[in-house]
Amino acid sequence: MAGDFALSLLIPFYNEEDNLTSLLDNVMKVSWEWPIQIVLVDDCSKDNSWKMLQQWLVTNESELKRRQFEVDLFQHKINQGKGVAIQK
């Protein structure tokens, strides 16, 4: 089933430690009736966004699997801006 998604959510972020996990919690609240892909792109955040994302993924791993959500992660080594983040 890899790559067979009705919906892909692209979420680029930069220094969003105060908002990222609540955004993802809200995505999980929606009653999706099909497998979705969530693509997260960290544009070289200087805060704890990446660490918080990793913790959120561990906490929600079983629910993501149960609901057939695929999460793809990308982390830039230098800040390149939103335009580049959404092209990856």
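**Entry 1: Asp43**

I looked up Asp43 in this predicted model and found it in the loop between S2 and H2. Is Asp43 buried or exposed? I read a relative accessible area of 4% for Asp43. Buried means under 20%, so Asp43 counts as buried.

Next I checked what the side chain of Asp43 reaches. I found the backbone nitrogen of Gln80 at 2.8 Å. I then listed the residues that Asp43 touches, leaving out those up to four places away in sequence. Phe13, Tyr14 and His76 are among them. The list also includes Ile78, Asn79, Gln80, Gly81 and Lys82.

**Entry 2: helix H1**

I turned to H1, which covers residues 20–29. Which residues of H1 are buried? I noted Leu20, Leu24, Val27 and Met28. Seen down the axis of H1, these buried residues fall within an arc of 100 degrees, so they line one face of the helix. An α-helix has 3.6 residues a turn, so residues three or four places apart point the same way.

I also looked up what this buried set packs against. The partners are the strands S1 (7–13), S2 (36–42) and S3 (69–75), together with the helices H2 (49–59) and H3 (61–66).

**Entry 3: the nonpolar core**

I counted 15 residues in the largest nonpolar core. Leu20, Leu24, Ile38, Leu40 and Leu53 have the most contacts inside it. S1, H1, S2 and H2 each give two or more residues to this core. Which element gives the most to this core? I found that H1 does, with 4 residues.

Last, I followed Leu24. Not counting residues up to four places away in sequence, Leu24 touches Ile11, Leu40, Leu53 and Trp56.

How values were computed. Residues numbered from 1 in each chain as written. Predicted model: local features only at pLDDT ≥ 70, side-chain atom pairs only at ≥ 80, totals over all residues. Heavy atoms only, no water. Buried < 20%, exposed > 50% of the residue type's maximum accessible area, 1.4 Å probe, protein only. Arc of directions from axis to C-beta. Contact = heavy atoms within 4.5 Å. Polar contact = N/O pair within 3.5 Å; in protein donor to acceptor, adjacent residues only side chain to side chain. Core = buried A, V, L, I, M, F, W, Y, C linked by side-chain atoms within 4.5 Å.
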